[in-house]
Amino acid sequence: MPSADPPARLPSDPPPRPAPGGAEAEPSLRAHLAAQWRAWPLWARWGGVAVLVALLAWALTDTASDVAEGANDEDMMRQVALARAEWADAQRQAPQALDRRPAEGTLGPGDAERDDGRYADYYAFEADSLDFSVLVTSDDFAPDLSVRRPDGQTVAASNLLRTEGRAEIEGLQGPGRFVVEVSPFEPGTSGAYVLEVVPAGPADSLFVDEEPRLDTLGQGARRGPRYERAYGVMTGSEVPVLLRVVSPSFTPRLHLFGPNGEVRGSWRTVERRASGDSLRAVVIRYLPGWDAPYRLLVTSEEAGAEGAYALDVRSLQTYSLGLGEEADGALGDDSWLVDGRYVDTYRLRVPDGVRTRLVAASEVFPPALRVWRLDGRSRKDVADAANPAGGPEATVEGRLDAGDYFVEVSSGGEWEPGDPARGGDYTLASETEAVEPPPPTAAPPGGRYDGPAPPTKVFATEVRREGESGESTFEVGVTTVAISYPGETRTRVQLSVTVRSVDYSGGWAPWERFAAQSYLVDDTGRRYAVSAAESTSPSGPTAEPGTSRRGTVVLYAPEVARDLRRLVFVASIGERSLTLPIPVP
């Protein structure tokens, strides 16, 4: 067998000697490395080669593994997405049959997934000549709906009928096949739901300030785990309304829908009450912004609860208070509710040249006062007496500019969020004291006297502008302008205004509201405030396309305006404002 010892090292050949008198050859790098390689022991030479081969093999193997692993991950993700899309498409192509009986389902892992990551179930409903809606309810998640109609159009659930536990699509009409998709409103949520086909039908009507109604939950339709009763609430705009449901059998849950969806935020307050285990009540106070009917849904907090309840709808009035008068009132059920405190509102007209004193007193709660007025479209606070010490009286005293004011009576003292609102009987008294008027040449409050005022000016004009509010179009015009100077210290502008309905049918908003949301500026930038009490309209309450209503809008500036060349009247038509420039001859 061959020996394992390395062969004996042989002497190397001596390098050639240069020729006599000749140049020595330049050293060669290749020859030098070869000499070094031959100088190493044989075992060291073969060991180095083995290590180099191992390093190259490891590098190539690791790189190939990384490439293969990346490719496998990408392929895996593509395959998962493809499988998910194919499963969702298969579910859409083979939806479950839906009839007029409620269908119970669950959304979660294993169901079809939409591109946005939401789970989805699919149903098909074969409708005859039927007007109906599709409704889904859930206590586990906020549900969502869409329906593909027989004509291929897809309809989404209306935000106008959505709550945290229900979604509904109204106005569907057979015959034909309707494909329904049920999904959560937000990705990442899941749970049980109930899907129903609901035949269309009229809702009971409720009118403000009628006698309270007695009704029964359980005689109406059952929507998912709860019974439900629907009502149409007929109110006028800009009059606060109180809705109260009281039951000895269940805890009421109320949903109120307006033209813009469920009424929330500052437009609505909710108060829940209980009297032991015998009576439970929910009170909603809201400010209607439209003359259109509102929809009220009465249901229960407990699933499957049934029983009798009383339903009451009342208007919350703004009371009148005359100077030198005393009014008796009571904070409570008939009051507005703001930040956990009941509020009653009074309207007070203050003449020029008097000092006014307002006193609210109560033996059962610490009263508080706030005085404000309208400045164009905005509410301008004038004075307040918050009564933080919790005394039995609250007083506001001072000289107020002539005009209309609103006085709010509420509760003062210490109060923590979550504490029950305090109420009870109180009195509100107004006292006045005459004040000597300033001399004619003195500067009036907020104004300037520059001698005799200009003569009264009355002229005709023809300025019109058209705009849209919601889905309706209106035209506002000014036809006559009268400028006068009461007491030679103020400027009064009276406009004859016409509002024409282009395509709107329904009730006009109150003229006082239209006037209060308007304002006037002149060519110097001076702004004129509306006198709502002097702004009137004799026109009727109902509008038809092509009909007009006429009235006056009266505005004041607290000083004499001279050399007027141009006025700009800004009129509100709900969601928009129209600007009408008026040249002054």
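Tutor: Let's begin with a term: a residue is buried under 20% relative accessible area, exposed over 50% and partly exposed in between, using a 1.4 Å probe and protein chains only. The model is predicted, so local features need pLDDT of at least 70 and side-chain atom pairs pLDDT 80 or more, while totals for chains, interfaces and linings use all residues. Residues are numbered from 1 along each chain as its sequence is written, and side-chain values use heavy atoms, leaving out hydrogens and water.

Now to the rings. Phe, Tyr and Trp rings (for Trp, the six-membered one) pair if their centres lie within 6.5 Å; planes under 30 degrees apart are stacked, over 60 edge-to-face, and the rest tilted. Nine aromatic pairs occur in the structure. In one of them, Phe125 and Phe132 have ring centres 5.3 Å apart and planes at 70°, so this pair is edge-to-face. Phe132 counts as buried at 2% relative accessibility, and Phe125 is buried too, at 4%. Together with Phe178, Phe125 and Phe132 make up one aromatic cluster.

Another pair joins Phe365 and Tyr426: with centres 6.4 Å apart and planes at 80°, the two rings are edge-to-face. Phe365 lies in the loop between strand 26 (354–361) and strand 27 (367–375), and Tyr426 in strand 31 (residues 424–434), so the pair ties together parts 61 residues apart in sequence. Helices (H or I, at least four residues) and strands (E, at least two) are DSSP runs, numbered from the N terminus. Both Phe365 and Tyr426 are buried.

For the packing elsewhere, a nonpolar core means buried Ala, Val, Leu, Ile, Met, Phe, Trp, Tyr and Cys residues joined through side-chain atoms within 4.5 Å. The largest such core has 36 residues, and Leu495, Val497 and Phe569 have the most contacts inside it. Strand 33 gives the most to this core, five residues. A second, separate core has 24 residues, including Tyr119, Ala157, Val180 and Val197.

Contact means heavy atoms within 4.5 Å. Leaving aside residues up to four places away in sequence, Leu495 touches several residues, among them Val478, Leu520, Phe569 and Ile582. Across the chain, residues 24 or more positions apart account for 75% of the contacts with a separation of 6 or more. Finally, of the chain's 585 residues, 41% count as buried.
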